[in-house]
Amino acid sequence: MSKAISQVPFAQNEPVNSYVPGSDEVKSLISTYKKMWKEKTEIPMVIGGKDIKTDKKIQLSSPQDHQHDFGFYYEGDMSHVDSAIESALAAKSKWNALGWEHRAAIFLKAADLLAGPYRDVINAATMIGQSKNVHQAEIDAACEFIDFLRFNVEFMTELYAEQPVSDAGIWNRVEYRPLEGFCFAVTPFNFTAISGNLPACMAMMGNVVVWKPSDKQVYSAKVIMDVLKEAGLPDGVINMIFTDGKETAEKVLAHPDFAGLHFTGSTKVFQGMWKMIGDNIHNYKSYPRIVGETGGKDFVMVHPSANIEAVATGLVRGAFEYQGQKCSAASRAYVPKSLWNEVKAVMEAQIKTIKIGSPEDPSNFVNAVIDKNSFEKCKGYIDRAKASNDATVVIGGKYDDKKGWFVHPTVIETINPYYESIVEEIFGPILTVFVYEDENWEDTLKLVDTSTQYSLTGSIFAQDRYAIDEAYKALENTSGNFYINDKPTGAVVGQQPFGGSRASGTNDKAGSKMNLTRWVSVRSIKETFVSPKDYKYPYLG
Ligand code: NAD
């Protein structure tokens, strides 16, 4: 293939199935869910292309029914971390030497497998293991992951095509080499697409990877490895291990060949890993690349000119879809006094119609939070708000853990703009509202900008164009993704590059060319056609 300058297929966003009641697509997905629900799945680690089983079996239970055991995975120890690193390094030279068209073809094939034969399987695994309803599973596990794969192939070729100019008599080129050594991907529970993309995009750029998924996402992680294998990813290029996060990080980040960290998860964990990298800096062969997309406390700022139904809908969808377990979820809102009673009434009316339960019933809009810890955390915020003089639970406030980890959509109103639930990341279906006096619009913009450590997503709702412009300027650094008259969630690959700064991450925008540049090390090549034969320049006479 070195005898052509190939063009990859034009990337387009995967159409989202609507799963309307009674449709063939919903029947097919729910029947796959039911079948997989009954099976006892067995999930090995994958190191050097081999399934690795240990004597430590960890039972898998579903958030929507914590007594339902749907199988187990094999937990590894530090010897598996060592062998994952060795396998990655052993696979490196062959993978590095393979032409980019072959790498592109593998990931394009993976995208087509996900769009076709694996669509129901990866969606159902995400519904069972991570408690996403049909729509949330579809936009994440199927569509966003497919988009990451297809768009990154296109971005890779755009990057490779970026070449320097050449003066007369010379030819300048740049080559986008993979990093020397191996890369480390550490991924969160809440997005199957992120989990697949983090190791995949590094591998796409020619790197070899040790991947540690969240222990709460192993079911869909297994499907990702199955798809990549079927797509032809060579053994050892991505090695998936189920090991303790902290111990694994300590081992991997101390290795001299460690070359890059691609992390998505909470702020504290990322900061701990960055520290470990700092402590090991003199051990490495190269300075490692560090990319982390972390927590959020995402705002909705409402101007008195805003449309009430649009605000209420943006808040209900933004705060409660996937139980608020999106890094981008609306979790703090600032509403002018003149609108609050009406906004609250519309929200109450909408929330009253929300059904809560298992994703097996597609009419449930809200499902379970991920685990007992998350349930207890949400319960704590709700109970403390009920007892606080600074806060009132104005909508919801119920929770029930008899069968699954169910927390009802909850709205807390606070009179203290620094109250715990309006500044801390909860990662559950809890929205806190601060009602401001209409004339305090400008001061409230300052408050939105300064009251939390995060800067991930945020929305402004207003009809007044001057107000939109004022918010746009005042909140320039308050979010990495800024929405006007829309909810702050639901970024689409290729359309709204996603990521935040401050305590929310390094803002390297997942699913963009900017992100891919982090996983390559450029070599500049200058070729002179007719080399000089005398050292004397003309100025020497
Ligand atoms: P988490 O930080 O608990 O876990 C993330 C990963 O880190 C998991 O694989 C986990 O096993 C591992 N880990 C845990 N402790 C570790 C340690 N001490 N050292 C090394 N690794 C460790 O996050 P989570 O609960 O899986 O996901 C939710 C968090 O992720 C939220 O804070 C959310 O905002 C964030 N998130 C951010 C984005 C983004 O793009 N900014 C996207 C999704 C999720």
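Predicted model: local features only at pLDDT ≥ 70, side-chain atom pairs only at ≥ 80, totals over all residues.

Residues are numbered from 1 along each chain as its sequence is written, and side-chain values use heavy atoms, with hydrogens and water left out.

The domain assignment gives domain 1 as 78-294 + 505-525 and domain 2 as 298-484. Such bounds come from an automatic or database assignment. The domain centres, taken over C-alpha atoms, lie 32 Å apart. Residues in contact (heavy atoms within 4.5 Å) are tabulated here.

| Domain | Residues in contact |
|---|---|
| Domain 1 | 17 residues |
| Domain 2 | 19 residues |

Together the domains bury about 1,500 Å². Buried area is the accessible area (1.4 Å probe) that two parts lose on being put together, summed over both. Carbon and sulfur atoms carry 55% of it. In domain 1, S131, N133 and F189 lose the most area to domain 2, together 31% of what that side buries.

One salt bridge crosses the interface. The rule asks for a side-chain nitrogen of Lys or Arg within 4 Å of a carboxyl oxygen of Asp or Glu. K216 and D371 form a salt bridge, with their closest N and O atoms 3.7 Å apart.
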